[in-house]
Amino acid sequence: MAGKLSAYVSLFLLSFLSARTLTLVHAQKTWCVAKPSSSQAILLENINFACSQVDCGRLQKGGPCYSPDNPINHASIAMNLYFQSKGRNTWNCDFKNSGLLTVGDPSYGGCQYP
């Protein structure tokens, strides 16, 4: 009985601590970016998916986030637009394990990440 009770207490504490971590992540501004280790194929898939769900006009030639014109940059912006539009839930930055949450603002030059 004591072992079972100990297991329940441990599970409760783990649940509490996990929920607190998620709460802390949502309490501060977070952004979703592409993992640098992601393949080009995955990055292009992410761009296509995210841009089918949100307006990616800022990535068009002449847009504020077009340069640098490379898959990791464009995927990061598209993935973040999707993540922000879906309520900043951790699962909205998964992208088949190619997304990475950050608390550091990835904006640069004239390209502001929402």
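The paragraphs below go through the disulfides of this predicted model and the strands beside them. Because the model is predicted, local features need pLDDT of at least 70 and side-chain atom pairs count only at pLDDT 80 or more, while totals for chains, interfaces and linings use all residues. Residues are numbered from 1 along each chain as its sequence is written, and side-chain values use heavy atoms, with hydrogens and water left out.

The structure holds three disulfides, a disulfide being a pair of cysteine sulfur atoms within 2.5 Å. With the bonded cysteines counted along the chain, their pattern is 1-5, 2-3, 4-6.

One of these links joins Cys32 to Cys93, with an S to S distance of 2.1 Å. The torsion about this S-S bond is about 85°, so the disulfide of Cys32 and Cys93 is right-handed. Cys32 lies in strand 1 (residues 31-34) and Cys93 in the loop between helix 3 (71-85) and strand 2 (99-102), so the pair ties together parts that are 61 residues apart in sequence; helices (H or I, at least four residues) and strands (E, at least two) are DSSP runs, numbered from the N terminus. Cys32 is buried at a relative accessible area of 0%, and Cys93, at 2%, is buried as well, where buried means under 20% relative accessible area, exposed over 50%, and partly exposed in between (1.4 Å probe, protein chains only).

Strand 1 itself has residues pointing two ways: Trp31 and Val33 point one way, Cys32 and Ala34 the other way, and all of them are buried. This strand pairs with strand 2 in the antiparallel sense over four bridges, pairing being assigned if DSSP finds at least two bridges between two strands. Within this arrangement, Ala34 stands opposite Gly99 of strand 2.

A further disulfide joins Cys65 to Cys111, its sulfurs 2.0 Å apart. With a torsion of about 100° about the S-S bond, the link of Cys65 and Cys111 is right-handed. This pair connects distant parts of the chain, 46 residues apart, since Cys65 sits in the loop between helix 2 (40-53) and helix 3, and Cys111 in the segment after strand 2. Both Cys65 and Cys111 are buried.

The remaining link to consider joins Cys51 to Cys56, with an S to S distance of 2.1 Å. The angle about the S-S bond of Cys51 and Cys56 is -95°, and this link is left-handed. Cys51, at 27% relative accessibility, counts as partly exposed, whereas Cys56, at 7%, counts as buried.
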